[in-house]
Amino acid sequence: MSILNAVMGNASEVEIEEMEKEFSQILIEEEKLVRVFKLVRDLFAFTDRRLIMVDKQGISGKKTEYHSIPYKSITHFSFETAGRIDLDAEMKVWISGNELPVKKEFKKGIDVTDVQRTLAKFTLD
């Protein structure tokens, strides 16, 4: 990810090999990372079993919250693409038992269609 993208808040896809160590303590046996996206410090990872949203907190980013969403718990999702004036795109994921969706915003620079396709692949199988 370039320094400019990090400063501007753009999301970018991260190589799986770079993330294997960070997720090694969280993944269960035989669970595999499929795709990982980074937004400044935060991450969201698609595994073959769930969506993991990682929220790095505080100035140092040492405190970390891992939000795990099994694909079978996702009732529906939506994606809003960027426009000419509003350059941000947004993903919303509704989880069974929750009225409000989990939201993730993407700044200019990520193919939201590809992210949507990845989520659809795992929730519709």
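Which residues form a negative surface patch? In this predicted model, the patch consists of Glu 15, Glu 17, Glu 18 and Glu 20. Glu 15 is located in the loop that separates strand 1 (11-14) from helix 2 (16-23). Its relative accessibility is 51%, and Glu 15 is therefore classed as exposed, since the term applies over 50%.

Charged side chains also occur in pairs. Side chains of opposite charge can pair when their charged atoms come close. In this structure, the count comes to 6 salt bridges.

One of these salt bridges joins Glu 31 to Arg 50, with 2.8 Å between the closest N and O atoms. Because Glu 31 belongs to the loop between helix 2 and strand 2 (33-39) and Arg 50 to strand 4 (residues 50-57), the pair ties together parts that are 19 residues apart in sequence. Both Glu 31 and Arg 50 are buried.

A further salt bridge is found between the side chains of Lys 104 and Asp 42, at 4.0 Å from N to O. Lys 104 lies in strand 8 (residues 102-106) and Asp 42 in strand 3 (residues 42-47), so this contact ties together parts that are 62 residues apart in sequence. Lys 104 and Asp 42 are both buried.

Asp 48 and Arg 49 likewise meet through their side chains in a salt bridge, with an N to O distance of 4.0 Å. Asp 48 has a relative accessibility of 32% and thus counts as partly exposed. For Arg 49 the value is 40%, so that Arg 49 also counts as partly exposed.

Methods: Residues numbered from 1 in each chain as written. Predicted model: local features only at pLDDT ≥ 70, side-chain atom pairs only at ≥ 80, totals over all residues. Heavy atoms only, no water. Patch = residues over 30% accessible without salt bridge, like charges linked within 9 Å, V, L, I, M, F, W, Y side chains within 5 Å. Areas by Shrake-Rupley, 256 points an atom, 1.4 Å probe, with all protein chains shown as cover. Lys, Arg positive; Asp, Glu negative; His and termini not counted. Charge placed at Lys NZ, Arg CZ, Asp CG, Glu CD. Helix = DSSP H or I, 4+ residues; strand = E, 2+ residues; numbered from the N terminus. Buried < 20%, exposed > 50% of the residue type's maximum accessible area, 1.4 Å probe, protein only.
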